[in-house]
Amino acid sequence: MIEYPDFEKIVLDKLGRDIRIEVNEDQHNAIIPAPDTSLFIVAGPGSGKTTVMVLKILKFIFVDGVKPSSILATTFTRKAAAQLKSRTIEWGNELKSTLMENPKYSSIRVLIEKLDFKRIVTGTLDSIAEDILKSSDSGSSPAIIEDLVSNALMIKVGLLDHDRQRDKDLHGFLNHIRGSRTRLNVSMMSQILLEIKDRVYHDRIDFEKFINDYEHPGAKIAHDAISDYIGDLKNRNLLDFSMLEDEFLRKLQTDGLKGLKNIKIVLVDEYQDTNLLQETIYLKIADVAVKNKGSIIVVGDDDQSLYRFRGATVDLFTDFGNRLNGYLGINPLFVNLSKNYRSTEHIVDFCNEFIRLDKEFQNVRAEGKRSISSSLENSINVPVLGMFRDDINTLAADLANFIREASHGKGFNLDYKGSSFKIKIDEKDGSPSDIAFLCSSPLELDFKGNPRLPILLKDELNKINPQIPVFNPRGQSLGRIPVIEVLCGILLECIDPECKIQNTFGRLPRNAVFRFKIWRSKALKYIDDKEDESKEMHAFIDTWRSYFRIKEDKIEVPLVELIYKMVKWIPEILDEEGLVYLEIIIKTITQTSLFSDFKSNIVLNGRNRDINQDSVIEVMWNIFVPIALGAINLDLDILENLPENGINIMSIHQSKGLEFPIVIVDVGSDFKMNYANHAFKRFPGTPGKSCTLEDNMRKFSKLGIPKRGALDRAFDDLIRQYFVAFSRPQGLLLLVGLNSLKDGYFFNNALRYVPNVATGWDRDGEWHWEGLNNLFHI
Ligand SMILES: Nc1ncnc2c1ncn2[C@@H]1O[C@H](COP(=O)(O)OP(=O)(O)OP(=O)(O)O)[C@@H](O)[C@H]1O
């Protein structure tokens with residue numbers, strides 16, 4: 001349509017992105033290739049993947065005349081997909097209006113005017129699969145259940161309905177297949193069963209063969225639990241995500257899916273976290289695209305692959321060239337984006353050093369990849385900082401002080417190599433949400449119930465005047481969050497006054513009944529403590545109690561409606577953090593209604609008390625029991641919007657793809673000594689559960705057992721995890737932990753160390769950053 005140099009110029013003038021070869025060779029090389037050139041883009045952190053994807057799409061449309069509807073682009077999360085979509089529409093429209101004013105292009109004005117960027121197919125693979133299946137299905141297409149409730153369903157139909165949670169053989173098998181010896185509760189058992197089920201789909205394993213070959217008495221029981229789960233979903237015309245992808249592939253292979261017939265460009269972001277099932281889907285669509293004279297473009301970074309435990313196979317990325325060649329006979333062009341547009345030079349240097357210090361790790365990195373280089377050479381270049389203390393209480397207090405100075409105070413001052421720096425978030429546009437605290441687990445309590453750094457920090461920040469809010473939605477399980485306890489307690493008091501139904505129905509898990517009791521008593525206390533509204537709230541509950549005496553015909557009350565009525569009395573649920581929990585509860589109810597006979601409604605029927613009882617029992621089983629057992633997963637995509645006014649505490653996994661002005665990484669606030677029980681989080685002595693499960697199941701996949709040993713894979717994963725964490729900040733990186741990580745500690749009169757990948761140890765036990773002298777300590 002238009003000439004490439006004009007495209008480049010408008011992109012610079014209107015979008016402020018300079019993609020000329022002499023200025024930005026990497027991004028230029030990724031954007032310029034023709035639509036029929038398949039690409040393998042290895043993109044280091046902060047190298048502008050989103051920019052490249054958007055500009056590449058727009059270049060195809062404006063320069064090569066590719067129709068928006070023949071472009072399919074997928075990303076890993078819904079959030080990233082939404083960002084890609086809105087950026088493409090925004091930039092596309094900007095270019096469109098500029099071109100329409102340009103007399104040089106008056107002859108194609110009509111064509112330009114017609115361009116509709118909303119027609120580009122963008123989304124996660126799952127959302128695209130769902131849409132396409134819906135649009136091409138003549139019958140009633142299946143509904144999709146989210147990860148949020150799949151655990152609840154597995155608990156019910158896979159375990160509790162058949163009392164399998166008590167089965168010793170099943171316990172044994174679930175531990176055996178992951179090489180662990182943990183005491184498993186119901187929720188953990190269910191999660192492992194789902195992990196096995198997902199791997200069966202993701203690695204395309206013959207489930208029956210796998211079970212039959214497995215000589216363990218518990219294998220058959222696991223098979224039955226998983227089959228019951230799958231069968232129950234299918235009977236209700238439902239699919240979970242891995243079943244959806246499997247169904248999508250099946251349809252692709254059988255009728256070619258008409259919705260994809262005209263696809264010419266397939267663009268896949270975060271390809272390093274792809275599994276075999278997804279690869280097969282992408283290559284199948286790529287086959288269509290190539291026949292339409294188009295191509296497949298994959299973008300990713302093997303150093304940032306984090307999802308082995310969800311079936312991701314990083315080798316599919318590093319070996320993409322050979323695999324594409326084997327499948328379609330095409331050699332993709334290799335492009336490496338190594339210029340980093342995010343972080344200061346010190347941070348970039350630190351990341352480069354970190355990723356290179358383990359010799360063995362270099363063997364699994366994508367070939368031909370360069371070190372990342374900073375583009376912010378002249379900006380303020382604060383050194384990478386360290387804050388290490390003798391105990392976590394002191395660490396929490398000093399860290400809170402640092403955060404206060406950086407956000408509300410005069411700024412945190414430091415002198416380094418003759419220069420003075422003031423660390424302060426932007427006075428005008430900044431907020432505490434510019435600071436992120438990343439850790440391997442954001443849990444507030446350890447397994448013994450002792451407080452961990454996330455809660456101690458939260459408490460310290462709460463003491464400050466004005467308070468600095470902390471947002472840590474994954475700090476504890478949903479059923480232990482105070483506002484949810486109150487909400488659930490009031491709901492139970494309404495739908496089952498005095499536990500009448502609960503008591504007559506004896507099969508509820510003991511742990512759940514215990515939690516229900518806590519909820520109910522906390523709710524009643526909450527109501528009594530509310531001076532003004534206490535009466536009104538009691539009256540509300542009493543009205544519900546009186547419903548059970550009604551003689552009228554059936555009334556159905558959706559549980560969601562009941563919640564909406566009561567939130568006005570629980571103001572905490574309407575603040576930023578509370579709303580996230582409320583959204584999760586509502587989503588749980590709407591999702592579980594898909595597999596509930598009463599659709600998550602409470603049925604009040606004066607003529608038939610049994611129906612009422614059944615509807616209450618169903619709600620207890622499907623909603624309250626899973627919440628009580630900690631089985632409702634807060635999946636990443638739920639947390640789409642991070643609150644603006646507080647610090648975010650998040651797991652490193654959750655921070656993937658994000659950037660923040662200031663990033664604090666907890667490299668070991670739990671590691672006082674070299675204890676074996678937390679070695680897997682810092683310097684594994686054994687392969688770990690995900691890698692063992694992977695080995696045990698990959699035997700039955702076309703992929704075969706991974707060539708690389710399980711222990712090496714466990715080290716590789718840890719390195720990748722901290723590489724992601726260290727590469728998130730724009731301006732400041734601060735590592736925090738206990739002094740024992742820096743100086744060692746004395747035990748039996750001897751100096752000992754705490755080997756830790758995150759503090760610069762390699763797997764051979766060499767400490768490259770001995771004493772952590774590479775950090776500037778505050
Ligand atoms: N050509 C460019 N000029 C200026 N800034 C850019 C350019 N390309 C990207 N950026 C900026 O660099 C930052 C990093 O980009 P982006 O988030 O797309 O990186 P990424 O490659 O996805 O990183 P990661 O893999 O670490 O998630 C963003 O703030 C983006 O706006």
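The model is predicted, and every value below is computed from it. The domain assignment divides the protein into four entries, given as domain 1 (4–139 + 244–337), domain 2 (147–239), domain 3 (385–474 + 641–678 + 732–777) and domain 4 (478–629). Across the model, the count of salt bridges comes to 60, and several of them are described below together with the elements that carry them.

**Contact between domain 2 and domain 4**

- The centres of domain 2 and domain 4, taken over C-alpha atoms, are separated by 29 Å, and the contact takes 12 residues from domain 2 and 15 residues from domain 4.
- The size of an interface is often given as the accessible area lost when the parts come together.
- For domain 2 and domain 4 the buried area is about 1,200 Å², and carbon and sulfur atoms give 75% of that area.
- The count between domain 2 and domain 4 is one salt bridge.
- Arg236 forms a salt bridge with Asp597, and the closest N and O atoms of this pair are 3.7 Å apart.

- Side chains of opposite charge can pair when their charged atoms come close.
- Asp358 and Arg763 meet through their side chains in a salt bridge, with an N to O distance of 3.0 Å.
- Because Asp358 lies in the loop between helix 16 (345–356) and strand 10 (373–374), while Arg763 lies in the loop between strand 22 (750–752) and strand 23 (776–777), the pair ties together parts that are 405 residues apart in sequence.
- Asp358 counts as buried, at 3% relative accessibility, and Arg763 is also buried, with a relative accessible area of 12%.

- The side chains of Arg713 and Glu694 form a salt bridge in which N and O are 2.9 Å apart.
- Arg713 belongs to helix 27 (residues 710–726) and Glu694 to helix 26 (residues 689–698), so this pair ties together parts that are 19 residues apart in sequence.
- Arg713 is buried, with a relative accessible area of 4%, and Glu694 is buried as well, with a relative accessible area of 1%.
- Salt bridges that share partners join Arg713 and Glu694 into one network with Arg199, Asp203, Arg308, Asp695, Arg698, Asp717 and Arg720.

**Salt bridge of Arg20**

- Arg20 forms a salt bridge with Asp18, and the closest N and O atoms are 2.8 Å apart.
- Arg20 is partly exposed, because its relative accessible area of 31% falls between the 20% limit for buried and the 50% limit for exposed residues.

**Surroundings of Glu94**

- Glu94 is placed in helix 4 (residues 78–100) and is partly exposed, with a relative accessible area of 33%.
- When residues up to four places away in sequence are not counted, Glu94 touches Lys14 and Leu15.
- Glu94 and Val11 are 83 residues apart in sequence, whereas their C-alpha atoms are 9.4 Å apart in space.

**Nonpolar surface patch**

- Phe746, Leu751 and Tyr753 form a nonpolar patch on the surface, and together they have about 310 Å² of accessible area.

Notes: Residues numbered from 1 in each chain as written. Predicted model: local features only at pLDDT ≥ 70, side-chain atom pairs only at ≥ 80, totals over all residues. Heavy atoms only, no water. Patch = residues over 30% accessible without salt bridge, like charges linked within 9 Å, V, L, I, M, F, W, Y side chains within 5 Å. Areas by Shrake-Rupley, 256 points an atom, 1.4 Å probe, with all protein chains shown as cover. Salt bridge = Lys/Arg side-chain N within 4 Å of Asp/Glu carboxyl O. Domains from an automatic or database assignment. Contact = heavy atoms within 4.5 Å. Buried area = accessible area lost by both parts, 1.4 Å probe. Helix = DSSP H or I, 4+ residues; strand = E, 2+ residues; numbered from the N terminus. Buried < 20%, exposed > 50% of the residue type's maximum accessible area, 1.4 Å probe, protein only.
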